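The sequence and structure are shown first.

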Amino acid sequence: MKANYGYLDGSGEFFITIDTDLCIECTDHGCVDACPLGLFEIIVDDYDDDVAAIKEEHRKKLKYDCAPCKPVSDRPPLPCVEACAPGAVTHSW
Ligand code: SF4
Ligand code: SF4
(Lines give C-alpha, C1' and ligand atoms only; values in the text may rest on other atoms or scores of the structure.)
(Ligands and ions follow the chains in the order given, each with its own letter.)
Protein backbone atom coordinates (compact mmCIF):
# COMPACT_ATOMS: atom_id res chain seq x y z
CA MET A 1 0.00 0.00 0.00
CA LYS A 2 1.19 3.52 -0.71
CA ALA A 3 0.70 5.70 2.37
CA ASN A 4 0.73 9.45 1.76
CA TYR A 5 1.62 11.92 4.50
CA GLY A 6 1.50 15.65 3.97
CA TYR A 7 -0.67 18.41 2.60
CA LEU A 8 -1.22 20.80 -0.23
CA ASP A 9 -1.33 24.57 0.06
CA GLY A 10 -1.02 27.63 -2.14
CA SER A 11 2.70 27.07 -2.56
CA GLY A 12 2.59 23.45 -3.65
CA GLU A 13 2.15 19.79 -2.71
CA PHE A 14 4.21 18.45 0.14
CA PHE A 15 3.79 14.72 0.51
CA ILE A 16 6.04 11.91 1.61
CA THR A 17 4.85 8.59 0.21
CA ILE A 18 5.85 5.31 1.83
CA ASP A 19 5.34 2.01 0.05
CA THR A 20 4.48 -0.03 3.11
CA ASP A 21 4.56 -3.31 1.19
CA LEU A 22 8.33 -2.82 1.09
CA CYS A 23 8.51 -1.95 4.80
CA ILE A 24 7.10 -5.35 5.73
CA GLU A 25 10.26 -7.07 4.48
CA CYS A 26 12.61 -4.39 5.85
CA THR A 27 14.77 -5.44 8.77
CA ASP A 28 16.92 -2.38 9.56
CA HIS A 29 14.30 0.41 9.42
CA GLY A 30 17.06 2.75 8.29
CA CYS A 31 14.68 5.67 7.75
CA VAL A 32 14.16 6.11 11.48
CA ASP A 33 17.78 6.86 12.35
CA ALA A 34 18.58 8.61 9.07
CA CYS A 35 16.18 11.54 9.44
CA PRO A 36 17.90 14.27 11.45
CA LEU A 37 14.54 15.53 12.73
CA GLY A 38 13.14 12.12 13.58
CA LEU A 39 10.13 12.38 11.28
CA PHE A 40 9.82 8.62 10.83
CA GLU A 41 8.41 6.10 13.24
CA ILE A 42 7.60 2.41 12.97
CA ILE A 43 3.98 1.56 13.61
CA VAL A 44 1.89 -1.61 13.51
CA ASP A 45 -0.60 -1.34 10.66
CA ASP A 46 -4.09 -2.81 10.37
CA TYR A 47 -2.60 -6.11 9.16
CA ASP A 48 -0.28 -6.43 12.15
CA ASP A 49 2.82 -5.57 10.11
CA ASP A 50 5.60 -3.20 11.17
CA VAL A 51 5.70 -0.32 8.68
CA ALA A 52 7.17 3.18 8.58
CA ALA A 53 5.01 6.28 9.02
CA ILE A 54 5.53 10.01 9.41
CA LYS A 55 4.83 11.18 12.93
CA GLU A 56 1.55 13.00 13.31
CA GLU A 57 3.10 16.23 14.58
CA HIS A 58 5.16 16.65 11.39
CA ARG A 59 2.54 15.86 8.77
CA LYS A 60 1.22 19.41 8.36
CA LYS A 61 4.59 21.14 8.21
CA LEU A 62 6.75 18.95 6.00
CA LYS A 63 7.73 21.85 3.76
CA TYR A 64 9.40 23.52 6.71
CA ASP A 65 10.70 20.46 8.54
CA CYS A 66 12.37 19.05 5.43
CA ALA A 67 13.75 22.41 4.26
CA PRO A 68 17.25 21.86 5.71
CA CYS A 69 17.58 18.70 3.58
CA LYS A 70 16.37 20.53 0.47
CA PRO A 71 18.51 23.55 -0.40
CA VAL A 72 17.39 25.39 -3.51
CA SER A 73 20.54 24.47 -5.42
CA ASP A 74 22.97 21.55 -5.20
CA ARG A 75 20.50 19.43 -3.32
CA PRO A 76 22.26 16.37 -1.90
CA PRO A 77 20.52 12.98 -1.76
CA LEU A 78 17.84 13.03 0.93
CA PRO A 79 18.96 11.06 4.00
CA CYS A 80 15.61 9.32 4.34
CA VAL A 81 15.58 8.21 0.71
CA GLU A 82 19.22 7.15 0.75
CA ALA A 83 18.82 5.13 3.94
CA CYS A 84 15.86 3.17 2.61
CA ALA A 85 17.49 0.32 0.72
CA PRO A 86 14.17 -1.11 -0.55
CA GLY A 87 13.28 2.26 -2.11
CA ALA A 88 10.01 2.76 -0.27
CA VAL A 89 10.32 6.53 0.31
CA THR A 90 9.47 9.21 -2.25
CA HIS A 91 8.81 12.94 -1.92
CA SER A 92 6.42 14.97 -4.05
CA TRP A 93 8.56 18.12 -4.04
S1 SF4 B 1 13.87 1.97 5.63
FE2 SF4 B 1 12.32 2.08 3.98
S3 SF4 B 1 11.44 0.01 3.82
FE4 SF4 B 1 12.53 0.18 5.80
S5 SF4 B 1 10.94 0.77 7.29
FE6 SF4 B 1 11.91 2.67 6.54
S7 SF4 B 1 10.63 3.32 4.81
FE8 SF4 B 1 10.12 1.17 5.22
S1 SF4 C 1 13.98 15.15 3.81
FE2 SF4 C 1 15.27 15.21 5.66
S3 SF4 C 1 13.95 16.01 7.30
FE4 SF4 C 1 12.62 15.37 5.58
S5 SF4 C 1 12.02 13.27 6.11
FE6 SF4 C 1 13.84 13.15 4.79
S7 SF4 C 1 15.61 13.07 6.18
FE8 SF4 C 1 13.82 13.78 7.36
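Two strands are said to pair if DSSP finds at least two bridges between them. Helices (H or I, at least four residues) and strands (E, at least two) are DSSP runs, numbered from the N terminus. The model is predicted: local features need pLDDT of at least 70, side-chain atom pairs count only at pLDDT 80 or more, and totals for chains, interfaces and linings use all residues. Residues are numbered from 1 along each chain as its sequence is written, while chains are lettered from A and ligands numbered from 1 in the order in which they are written.

- An open sheet is formed by 3 strands in the order 1-2-5, with antiparallel pairing.
- Strand 1 (2-9) and strand 5 (89-91) are at the edges; each has a single partner strand, so one side of each lacks a neighbour in the sheet.
- From one strand to the next, the twist averages 10° (axes are lines fitted to C-alpha atoms, and angles run from 0 to 180 degrees between N-to-C directions).
- Antiparallel pairing over 8 bridges joins strand 1 to strand 2 (residues 12-19), and these two strands form a hairpin with 2 residues between them.
- Within this pairing, Ala-3 lies opposite Ile-18 of strand 2, and Tyr-5 has Ile-16 as its bridge partner in that strand.
- Strand 2 also pairs with strand 5 in the antiparallel sense, over 3 bridges; here Ile-16 stands opposite His-91.

- The residues around ligand 2 (C-beta atom, placed from the backbone, within 6 Å of it) include Cys-35, Cys-66, Cys-69 and Cys-80.
- Also among them are Ala-34, Leu-37, Leu-39, Asp-65, Leu-78 and Pro-79.
- This shell divides into 9 nonpolar residues, no polar ones and 1 charged; Ala, Val, Leu, Ile, Met, Phe, Trp, Tyr, Cys and Pro count as nonpolar, Asp, Glu, Lys and Arg as charged, and the others, Gly among them, as polar.

**Positive phi values**

- Most residues other than glycine have a negative phi.
- His-29, which is not a glycine, has a positive phi of about 50° and lies in the loop between helix 1 (20-24) and helix 2 (30-34).
- His-29 counts as partly exposed because it has 17 C-beta neighbours inside 10 Å (20 or more other C-beta atoms within 10 Å make a residue buried, 12 or fewer exposed, and numbers in between partly exposed; C-beta atoms are placed from the backbone).
- Asp-74 likewise has a positive phi, near 50°, and is placed in the loop between helix 3 (62-65) and helix 4 (79-83).
- Asp-74 counts as exposed because it has 5 C-beta neighbours inside 10 Å.
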